[in-house]
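Reader: I've got a model open and I'd like to learn how to read it. Can you walk me through a helix and a metal site?

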Amino acid sequence: MFADVSITTTIFPLYDVVKNIGGDNVKLTNLVPFGVEAHEFEPKAKDIAALSKSDYFIISSPVFETWSTKIISSLKIQDKTIDMSQKVKLIEMKHSEHEHEHKGSYDPHYWLSIDNYMNVAKEVAALLSTKDPENAKLYEANLAAYLVKLEALKTDYEVLKSCKNKKVIVNHDAFEYLAQEYGITQYSITGMTPETKPSPKQIAQLIDLTKKEKIPTVFFEEFASDKVAKSIAKEANVKTDALRPVENITVAESKKGIGYIDIMKENLVKLHDAMDCQ
Ligand SMILES: [Zn+2]
């Protein structure tokens, strides 16, 4: 059987939503391989060849995929490119001293707002229904089922509103959408990208903050170094745990069919643990 629509996505949250809505009807390729840190990705020649054959190219934003603008214009695929950042509610970039290399004016991690992620799902269903109207009913049904699960996830997250210590330290500034939704303040070790190195002064400030605000957990993330998070936690005598920006999953997780919702549920347990909640 041939797939009815071919789509190339850039990062895991987009891939997962297309998989959930399109199922077997979509020949789906994700550019960032499983198990790698997504911010650092740059496509290779074979990725570009595959991309030029797809019916659609879905990017999260030209801010996150800084390499995409040039490729889209050189392949002349503007008409089949969907920039999902135009379909969601964006929040302005929080500026701090170590974000100078970042060019965009908005925070690109919008999929960590469940409402935004629902919008992405709706856009994908509409896109598939237009391209493949014969299966529109199926896409609509898949969308409806997925939205029910996302609504339930949102209801679960409401518990965070009851927490007493809503300050968290995370590896990079990926969680602002979640933070704003639930009244959390995020402090980050590396700023807007996971691999930036903090200065000794910044590290000292984070250690002081952890002690002063009685922050019980310093979060690292799995596709970037956990060294600084662990040394801050050690100095402040608190624990560490992984909190995931849902920018990617591992190869083993992809084989198990782990999705956005699974990771968001894991994150919820960890945040609940770290913020002194009911
Ligand atoms: Zn990020």
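This is a predicted model: local features need pLDDT of at least 70, side-chain atom pairs count only at pLDDT 80 or more; totals for chains, interfaces and linings use all residues.

Reader: Which residues of α7 are buried?

Author: The general idea first: an α-helix has 3.6 residues a turn, so residues three or four places apart point the same way. In α7, the buried ones are Q202, I203, L206, I207, L209 and T210. Looking down the axis of α7, these fall within an arc of 165 degrees, so they line one face of the helix. The face turned away from that buried side carries the exposed residues P200, K201 and K212.

Reader: What do the buried residues of α7 pack against?

Author: Their partners are β5 (167-170), β6 (185-188), β7 (217-220) and α8 (227-236).

Reader: Now the metal. Which protein atoms are donors of the zinc ion?

Author: NE2 of H39, H109 and H172, plus an OE of E247, at 1.9 to 2.0 Å from the zinc ion. H39 sits in the loop between β2 (26-30) and α2 (45-53), while E247 sits in the loop between β8 (239-242) and α9 (251-256), 208 residues apart.

Reader: Why is the arrangement around the zinc ion called tetrahedral?

Author: Check the angles: the 4 donor atoms subtend 101 to 120 degrees, which makes the arrangement tetrahedral.

Reader: Is E247 buried or exposed?

Author: E247 is buried, at 4% relative accessible area. H39 counts as buried too, at 16% relative accessibility.

Notes. Residues are numbered from 1 along each chain as its sequence is written. Side-chain values use heavy atoms; hydrogens and water are left out. Buried means under 20% relative accessible area, exposed over 50%, partly exposed in between (1.4 Å probe, protein chains only). Helices (H or I, at least four residues) and strands (E, at least two) are DSSP runs, numbered from the N terminus. The arc is that of the directions from the helix axis to the C-beta atoms. Contact means heavy atoms within 4.5 Å. Donors are N, O and S atoms within 2.8 Å of the metal (3.2 Å for Na, K and Ca); water is not among the atoms, so sites may look incomplete. Four donors count as tetrahedral if all angles lie between 85 and 135 degrees; four count as square planar and six as octahedral if opposite donors are over 155 degrees apart and all others between 65 and 115; anything else is irregular.
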